[in-house]
Amino acid sequence: AERLRVAYVCSEFGNHPVGQLMGSVFSLHDPSDFEIFVYAMGKNDGSCWYARVEASAEHFLDVSSWPADQIVQQIVADRIH
């Protein structure tokens, strides 16, 4: 069966409470059931928190410099459910 494609879109994956909490969330999804995509809208701040999110997501895209319509097109192309 096809895995459920789940996307997380956020501008605060770095040294911010959201980034600090989200780093462990991706590993909680069973990879046989879920395919995780992360679209980082905030620039890489060089923190260990950003690196943790980037390393733990199956698909990580830094879209911080992309226009909104391009981000939407990528999400559609990635067939997010």
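Predicted model: local features only at pLDDT ≥ 70, side-chain atom pairs only at ≥ 80, totals over all residues.

Modeller: The protein chain averages a pLDDT of 93, and 100% of the residues score at least 70. Confidence is lowest in α1, with a mean of 86. It is highest in helix α3 (residues 68-77), at 97.

Now the strands. β1 covers residues 4-10 and β2 covers residues 34-40. They run parallel, joined by seven bridges. Ile 36 in β2 is the bridge partner of Val 6.

Next, the packing. The largest nonpolar core has 13 residues. Tyr 8, Phe 13, Phe 26, Ile 36, Val 38, Val 53 and Phe 60 touch the most other members. β1, β2 and α2 (48-56) each give two or more residues to this core. A second, separate core holds five residues, including Phe 37, Tyr 39, Leu 61 and Val 63. In a regular strand, side chains alternate between the two faces of the sheet.

Leaving out residues up to four places away in sequence, Val 38 touches Tyr 8, Phe 13, Phe 26, Val 53, Ala 57, His 59, Phe 60 and Leu 61. Leu 61 is also among the residues of the second core.

One backbone note to finish. Arg 79 lies in the segment after α3. Its phi is near 55°, a positive value in a residue other than glycine. Arg 79 counts as partly exposed because its relative accessibility is 47%.

Note on methods: Residues numbered from 1 in each chain as written. Heavy atoms only, no water. Pairing = 2+ DSSP bridges. Helix = DSSP H or I, 4+ residues; strand = E, 2+ residues; numbered from the N terminus. Core = buried A, V, L, I, M, F, W, Y, C linked by side-chain atoms within 4.5 Å. Buried < 20%, exposed > 50% of the residue type's maximum accessible area, 1.4 Å probe, protein only. Contact = heavy atoms within 4.5 Å. pLDDT = per-residue confidence, 0-100.
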